[in-house]
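Please read the following report with the model open beside it, and look up each residue as it is mentioned.

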Amino acid sequence: MRRGQLARRGLVMGTLAAGGLLAARWFNVTGTVEGATLSVENAHRAVIDGTIALIDIRRPDEWTRTGIALGAVPLDMRDPAFATKLLAQIEGARDAPVALICARGVRSRRLAQRLSDAGFTNVIDVPEGMMGSGAGPGWLGAGLPVRAW
C-alpha cells in the first residue's frame, strides 16, 4: 500500500473514531454521571410523593414533541431568568432536592454541575432523560405518564 493510501485510511479511521466518541457523549451512551442520580422510575415516584422538584430543562419545541413528565415543571435552561425561576419553584431553598431531566441526560448532567457550583446543594440528575440513554430506557421508554405542553 502506498503512503498516500495509508494516510487517507488513517484520516478516515481517525474521523470515524472521533465521530463515535462524539456520538457516545451526545447520546449519553455510557450513562455515567458524577454526583446524585435517579432512575426515571424513582424520579416519578419522588415527584408524585412530593419529595423532589422535577425540572424539565429542555426547549419548548421538545416539550411540544414529546410532552412533559407528569409532575415536572418545564423551565428552559436557556432562559436568562432560569435560576430565578428555579428558586421560585423551590421557595428560595437552595438545599431543596431538585431533579433535572432533559432528552438524554447530557444537558441535565452539565446543568447539575453548574447549579452545584452556584450554591445549590441538593441537585439530582436523571441521566436516562426523556428519550433514553446508556443509563436506561428514559421516561418515555419506561412508559411513565406525560402531559401535553
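In strand β1 (residues 53–56), Ala53 and Ile55 point one way while Leu54 and Asp56 point the other way, and all of them are buried, where buried means under 20% relative accessible area, exposed means over 50%, and partly exposed lies in between (1.4 Å probe, protein chains only). Strands (E, at least two residues) and helices (H or I, at least four) are DSSP runs, numbered from the N terminus. The model is a predicted one, in which local features need pLDDT of at least 70 and side-chain atom pairs count only at pLDDT 80 or more, while totals for chains, interfaces and linings use all residues. Residues are numbered from 1 along each chain as its sequence is written, and side-chain values use heavy atoms, with hydrogens and water left out.

**The sheet around β1**

Two strands are said to pair if DSSP finds at least two bridges between them. By that rule, four strands form an open sheet in the order β3-β1-β4-β5, with parallel pairing, and its edge strands are β3 (73–74) and β5 (123–125), each of which pairs on one side only. Strand β1 pairs with β4 over four bridges and with β3 over two bridges, while β4 (residues 98–101) pairs with β5 over three bridges. Individual partners can be followed across the sheet: Ala53 has Val98 of β4 as its bridge partner, Val98 in turn has Val123 of β5, and Asp56 has Pro74 of β3.

**The interior**

A nonpolar core is a set of buried Ala, Val, Leu, Ile, Met, Phe, Trp, Tyr and Cys residues joined through side-chain atoms within 4.5 Å. The largest such core has 18 residues, and those with the most contacts inside it are Leu38, Ile52, Leu54, Ala99, Val126 and Trp139. At least two of its residues come from each of α2, β2 (68–69) and β4, and α2 gives the most, with four residues. Apart from this core lies another, of 17 residues, including Ala53, Ile55, Cys102 and Val123.

Helix α2 (residues 40–49) has Val40, Ala43, His44, Ala46 and Val47 as its buried residues, and these pack against β1 and α6 (138–141). As background, an α-helix has 3.6 residues a turn, so residues three or four places apart point the same way. Just after α2, Gly50 takes a positive phi of about 80°.

Which residues does Ala99 touch, leaving aside its neighbours within four places in sequence? With contact taken as heavy atoms within 4.5 Å, Ala99 is in contact with Leu38, Ile52, Ala53, Leu54, Ile55, Ile124 and Val126.

**Salt bridges and surface**

A salt bridge is a side-chain nitrogen of Lys or Arg within 4 Å of a carboxyl oxygen of Asp or Glu, and the count by this rule comes to seven.

| Salt bridge | Closest N and O atoms |
|---|---|
| Asp56 and Arg58 | 2.9 Å |
| Arg59 and Asp61 | 2.9 Å |
| Asp79 and Lys85 | 2.5 Å |

Salt bridges that share partners join Arg59, Asp61, Glu62, Arg65 and Arg107 into one network. Asp56 is buried, since its relative accessible area is 0%, and Arg58 also counts as buried, at 1%. Arg59, by contrast, is partly exposed at 28%, and Asp61 is partly exposed at 36%.

Met131, Leu140 and Val146 make a nonpolar surface patch of about 220 Å²; for such patches, residues need over 30% relative accessible area and no salt bridge, with like charges joined within 9 Å and nonpolar side chains (Val, Leu, Ile, Met, Phe, Trp, Tyr) within 5 Å. Met131 is found in the loop between β5 and α6, and it counts as partly exposed because its relative accessibility is 39%.

**The chain as a whole**

The chain has six helices and six strands, and buried residues make up 38% of its 149 residues.

Technical notes:
Areas by Shrake-Rupley, 256 points an atom, 1.4 Å probe, with all protein chains shown as cover.
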